[in-house]
Amino acid sequence: MMMAAQVEIVDNGEIIDSLSPHTSGDYSSTILLREENHEYDVVKNCFLSGMSLHAAETTVVSVRKTSAQRITAKAKLAASNVFAEAMKRKNGGDANVRYGWYSGSKEEIERIVSYGFSSSEVEKFEKDDRSHGVGVHFLHHTCSKAAAILGEADEEGIEHLLLCRLILGKPERVIAGSKQTYPSSSEYDCGVDNLENPRKYVIWSCNMNSYILPSHVVSFKSPTLRGLIRGGGGGLGRARSPCVSFPILMSILSKSLDRPRMNVILTTYVDFRKGKVRREQLIRKMREVVGDELLLDIIKNHRNSD
């Protein structure tokens, strides 16, 4: 029996792709890893190492790996191996297999693990003027903090990230705001934000269930990271915290951001006023586009001026 992609991290922190035997009788979509399991330590350490200063305040609730015991899961694994081998032949022996984090709600990640990626995941980026093309977006495995910021907490306050094995092949640079939906030529296989030091990977929808293989689900709590959203000392909390109102914040941001980024914020804010997005989603978008450092500076300066 073969399990879904198993990971190994060498001394420089790079994730090395590895497929190994597995004989568990668990037939669910995922298998809970015990804390004494080496694979649990590898994935947990990978996640926490990317959380930077928030790692000490972050609690990993569980690490689950995708199971390949079901017939359909076995087929997906076999297909992924076939595509990786084909990519090797296309690109001179290197399939360029990497791992990346996908941010989503608990329900979305459960659906992806069970059925694969769909147009719903692609549509998330169609109206985002800062996205690097329209496809399924992942963050480099060392960027778990950035991925966690984009996530959503479930009803128990637990957040979830999906680690996926990605067949990148030969990447091409895709600029922020691009509406590209497929490779610009047969020479390329995926998109990245930076060729020399990529942080963002874009798998085009035409290849999303060929070049992506869900690997592990990390569930966690990180109070300090989510403080801005939950009102826990970050300053963008609810009314009980001395915070900046949205209209004032919009006015200040309009003087600090370029037009494309401000348009993204304004579009999301209008949707929030119309009840199309939740408050937490608005704040998450602000943090994604503006950055925590600038938001905190605005809050501090506003408090000092009062």
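Predicted model: local features only at pLDDT ≥ 70, side-chain atom pairs only at ≥ 80, totals over all residues.

Residues are numbered from 1 along each chain as its sequence is written, and side-chain values use heavy atoms, with hydrogens and water left out.

The protein has 11 helices and 11 strands; these are DSSP runs, H or I of at least four residues for helices and E of at least two for strands, numbered from the N terminus. Of its 306 residues, 49% are buried, meaning under 20% relative accessible area, with exposed over 50% and partly exposed in between, for a 1.4 Å probe and protein chains only.

Let us turn to helix 1, residues 38–49. Its buried residues are E39, Y40, V42, V43, C46, F47 and L48.

Next, the aromatic pairs, of which the whole structure holds seven. Rings of Phe, Tyr and Trp (its six-membered ring) pair if their centres lie within 6.5 Å; planes under 30 degrees apart are stacked, over 60 edge-to-face, and the rest tilted. F47 and W101 have ring centres 5.9 Å apart and planes at 75 degrees, so this pair is edge-to-face. Because F47 lies in helix 1 and W101 in strand 5, the pair ties together parts 54 residues apart in sequence. Both residues, F47 and W101, are buried. Together with F220, F47 and W101 form one aromatic cluster.

Note on methods:
Expected span 1.5 Å × (residues − 1).
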